[in-house]
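Thanks for coming. I will go through one model this morning, beginning with a single side chain and then moving out to the packing.

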Amino acid sequence: MVSLVLILLLALVAVRPANGFRRSVHTAAATTDPRPPPWRHHVFLSHRGPDGRHTFTDHLDSALRRKRINVFRDDHDLPRGENVTEAISRAIEESMLSIVVLSGGYASSEYCLDELVKIMNCRKENGHRVFPVFYKVSPDEDVADPSSSGVYKADLDRHKRRHSYERVASWIHALRSISQISGWVIHDHT
């Protein structure tokens with residue numbers, strides 16, 4: 001676990017621009033002010049609470065915060081009184097990178113799947129960095145083909161009965177896309 005945290009910290013340093021945690025904005029307003037606005041968060045941590053709470057996700061979050069890495073985690077950092085969907089979407093956009101902890105129950109949560117779609121859209125459109133952690137799931141068997149086999153099949157079948165074809169298709173596409181990103185597979189933590 002400690003080695004994963006060290007690797008993630010090194011990845012953060014590797015993608016950190018020389019001028020600190022800042023991003024460039026290509027808008028008319030940006031041309032009048034050459035300084036890009038700072039990132040609000042270094043890391044957006046996407047996870048399904050019950051699967052990683054008090055285990056891997058908590059340890060990862062604590063280790064990053066000890067290193068003074070600004071982590072946005074919805075169960076800790078979501079502003080009270082705000083629309084959850086809008087606040088999470090904004091937090092993803094305002095984060096330098098995302099760490100997605102894909103656990104056995106990840107696909108059971110519509111919120112997690114919506115987060116993943118947003119993260120993968122930001123990756124495609126803005127070059128948002130994404131670091132997947134496959135926590136007790138296989139990127140090939142469970143995540144790459146989630147609607148026909150693996151631990152996510154039952155959850156996606158249930159979602160197909162409750163949600164539009166387009167919404168479920170976007171979730172499946174996001175899962176397939178993240179399965180193609182090199183990440184960490186963790187099976188031995190309880």
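Leaving aside its neighbours within four places in sequence, which residues is Arg65 in contact with? The model is a predicted one, and in it Arg65 contacts Val71, Arg73, His76 and Asp77 once those sequence neighbours are set aside. Arg65 belongs to helix H4. Its relative accessible area is 33%, so Arg65 is classed as partly exposed.

Let me stay on H4 for a moment. The helix covers residues 56-66, and its buried residues are Phe56, Thr57, Asp58, Leu60, Asp61, Ala63 and Leu64. Just after H4 comes Arg68, with a positive phi of about 60°. Arg68 sits in the loop between H4 and strand S2, which is residues 71-72. With a relative accessible area of 75%, Arg68 is exposed.

Lys136 is located in the loop between strand S4 and helix H8, residues 139-143. Lys136 is partly exposed, at 37% relative accessible area.

Now the overall picture. The protein chain has 10 helices and five strands. It has 190 residues, of which 45% count as buried. If you take the contacts with a separation of 6 or more, 74% of them are between residues 24 or more positions apart.

On confidence, the average pLDDT of the protein chain is 81, and 76% of the residues score at least 70. The stretch to watch is residues 15-31, where pLDDT stays under 50. The model does have 23 contacts beyond four places in sequence for those residues.

H7 is residues 110-126 and H10 is residues 165-179; their axes are 9 Å apart and the packing angle is about 65°. The crossing of these two helices is left-handed. From H7, the contact uses Glu110, Leu113, Asp114, Leu116, Val117 and Met120. From H10, it uses Arg167, Ser170, Trp171, Ala174, Leu175, Ser177 and Ile178. Sorted by class, that contact holds eight nonpolar, two polar and three charged residues.

H7 also packs on H6, with an angle of about 35° and axes 10 Å apart. The handedness here is right-handed. On the H6 side the residues are Val84, Ile88, Ser89, Ile92 and Glu93, and they meet Tyr111, Glu115, Lys118, Ile119 and Cys122 of H7. By class, the contact of H6 with H7 comprises six nonpolar residues, one polar and three charged.

Which members of the largest nonpolar core touch the most other members? The core has 31 residues, and the ones in question are Val100, Leu102, Leu116, Met120, Tyr152, Leu175 and Ile178. Two or more residues come from each of helix H6, strand S3, H7, strand S4 and H10. For reference, H6 is 84-93, S3 is 95-102 and S4 is 129-135. H7 gives the largest share, seven residues.

Setting aside neighbours within four places in sequence, Leu175 is in contact with Leu102, Leu113, Leu116, Val143, Pro146, Tyr152 and Leu156.

Last item: Val43, in strand S1, residues 41-46. Is Val43 buried or exposed? Val43 is at 0% relative accessibility, so it counts as buried. Between Val43 and Ile99 there are 6.8 Å in space, C-alpha to C-alpha, although they are 56 residues apart in sequence.

Notes:
Residues are numbered from 1 along each chain as its sequence is written. This is a predicted model: local features need pLDDT of at least 70, side-chain atom pairs count only at pLDDT 80 or more; totals for chains, interfaces and linings use all residues. Side-chain values use heavy atoms; hydrogens and water are left out. Axes are lines fitted to C-alpha atoms, for helices over the stretch in contact, and angles run from 0 to 180 degrees between N-to-C directions. Helices (H or I, at least four residues) and strands (E, at least two) are DSSP runs, numbered from the N terminus. A crossing is left-handed if the near helix is turned anticlockwise from the far one by less than a right angle, and right-handed if clockwise. Contact means heavy atoms within 4.5 Å. Ala, Val, Leu, Ile, Met, Phe, Trp, Tyr, Cys and Pro count as nonpolar, Asp, Glu, Lys and Arg as charged, and the others, Gly among them, as polar. A nonpolar core is a set of buried Ala, Val, Leu, Ile, Met, Phe, Trp, Tyr and Cys residues joined through side-chain atoms within 4.5 Å. Buried means under 20% relative accessible area, exposed over 50%, partly exposed in between (1.4 Å probe, protein chains only). pLDDT is the predictor's confidence in each residue, from 0 to 100.
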